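Please examine the protein shown below before reading on. The paragraphs that follow move from the whole chain to particular residues, and then to the confidence of the model.

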Amino acid sequence: MTDTDARPERPAERDASLRTDGGTEGIEDGDAPGLPADRDAVREALTAWYAADHRDFPWRRTDDPYEILISEVMSQQTQLDRVVPAWEAFVEEWPTTADLAAADRGDVVAFWSTHSLGYNNRAKYLHEAAGQIEAEYDGAFPDAPDELEALMGVGPYTANAVASFAFNNGDAVVDTNVKRVLYRAFDVPDDDDAFERVASAILPDGESRIWNNAIMELGGVACGKKPRCDEAGCPWREWCHAYQTGDFTAPDVPTQPSFEGSRRQFRGRIVRLLGEHDAMELDALGHRIRVDYAPDGEHGREWLRGLLSDLADDGLVQTEEANGELTARLR
C-alpha cells in the first residue's frame, strides 16, 4: 500500500521467466543501465530495510484475502489517511464475505459515501464480489491473479496485489511509487514495458508478499516526489543513479484530485444531512451543504439536482416533486 499516491488500476505483465537470480537475463539492453549485476545484494538490502522498520498499516498485519481486497479497493485514488479508519470500520461492520454478501447494497454504498471513499461503483463491485466468493467459490478466495480477476471490479493490478499480500503468489507490482524508484535508482526509461520487465527481473522468486510491500514502502517513505534518501536511510543509495548524480527527476505521475470542494465531498454532506432529517426541500438542503449556494447560480439548483440524481442512481436518495418544489430524503 502506498503512502499518498493513488492506486492505479492498470495491467501488469506476467512473465515468470524474468525472475532470475543474477546477471541480466530477461532485461533488454537499455532497460536498466544502472542495475548492478549482483541482484541478490540489491534484494537483501531492501528486504532488510523493510523488516527493520516500516509503517504499520492494519492490512499489513493480516493475510486474509477479504481484508486485503477491501484495503486495495479503498485505496484506489483515495488518500490513506482516510482509508485506515474506513477500513477498520468496514471490517467491523462486515467481517466476512458472507456478511458483506448478505448486506443490503444501499447500506454498503451509504458507508462508502459517508466515509468519502470516492466512486460509489467500487462499493457496488465489492458487494457483488463478496456474493461471487460465496456463491461460486464456497466462501474461499482463489489464490492466483488470473482467477482473482474473475471477481467483479477486480482488475489485473488489484488481483496481483491480493495474490501477493494474501497468498504470497503474485507477480511484481508496478505502481507510480515503484516506477519512481526504478527510474531513479536504476535509470529505467519512462516506459511501461521497461518498468514491467525490470520489476519482474528483480522480484525474488516466491517472495512477492514482502518484496512488493518493501519496494512500495521505499517509494512511499524514502523515494517520494521529494526524496528523503539519507533521512529515511534508503538501502539503495550505494547503487542509486539519482543519488550518485544528484538528478532526482522522475516520471510524471497523476496528481490526486482534491477532495475539498469536490462533488464527492458534497454528496457525502447530502447523505449525512438527510440522515438527520426525514426530508428536505431543495433550497433548504443547498443552503445547508454549501455556504455560497445560490438557487440560480453556478452552484445552485441545477448543480444540486445533479448531485441528487447521482445519489438516486446509487440507491441512496429518493426525490419527489410537487407544486414545483423538489423534496429529497434517504431511500
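**From the whole chain to a cluster of rings**

Of the contacts in the protein that join residues at least 6 apart in sequence, 63% are between residues at least 24 apart. The coordinates come from a predicted model. In this model the secondary structure consists of 15 helices and three strands. The protein has 331 residues, and 51% of them are buried. Its accessible surface amounts to about 14900 Å², with 45% of that area belonging to carbon and sulfur atoms.

Attention may now turn to the aromatic side chains. How many aromatic pairs does a search of the whole structure find? The search finds nine. One of them is formed by Phe90 and Phe111, whose arrangement is edge-to-face, with 5.2 Å from centre to centre and 80 degrees between the planes. Phe90 belongs to helix 3 (residues 80-93) and Phe111 to helix 5 (residues 105-114), so this pair ties together parts of the chain that are 21 residues apart in sequence. A residue counts as buried when its relative accessible area is under 20%. Phe90 is therefore buried, at 0% relative accessibility, and Phe111 is buried as well, with a relative accessible area of 11%.

Phe90 also forms an aromatic pair with Trp112, again edge-to-face, at 6.3 Å centre to centre and with 85 degrees between the planes. This second pair links distant parts of the chain, since Phe90 lies in helix 3 and Trp112 in helix 5, 22 residues apart. Trp112 has a relative accessibility of 0% and so counts as buried. Taken together, ring pairs link Phe90, Trp94, Phe111 and Trp112 into a cluster.

An aromatic ring may also have a charged side chain over its face, as Trp303 shows. Which residue lies over the face of Trp303? That residue is Arg290, at 5.1 Å from the ring centre.

It remains to consider the confidence of the prediction. The mean pLDDT of the protein is 87, and 89% of the residues score at least 70. Among the elements of the protein, helix 4 (residues 97-102) has the highest mean pLDDT, 97, whereas helix 13 (residues 263-274) has the lowest, 87. Over residues 1-24, pLDDT stays under 50, although the model has 89 contacts beyond four places in sequence for these residues. Where pLDDT is low, predicted coordinates should not be read in detail.

Note on methods: Residues are numbered from 1 along each chain as its sequence is written. Side-chain values use heavy atoms; hydrogens and water are left out. Helices (H or I, at least four residues) and strands (E, at least two) are DSSP runs, numbered from the N terminus. Buried means under 20% relative accessible area, exposed over 50%, partly exposed in between (1.4 Å probe, protein chains only). Contact means heavy atoms within 4.5 Å. Accessible areas come from the Shrake-Rupley method with a 1.4 Å probe; for residues, only the protein chains shown count as cover. Rings of Phe, Tyr and Trp (its six-membered ring) pair if their centres lie within 6.5 Å; planes under 30 degrees apart count as stacked, over 60 as edge-to-face and the rest as tilted. A charge sits over a ring if NZ of Lys or CZ of Arg is within 6 Å of the ring centre and within 35 degrees of the ring normal. pLDDT is the predictor's confidence in each residue, from 0 to 100.
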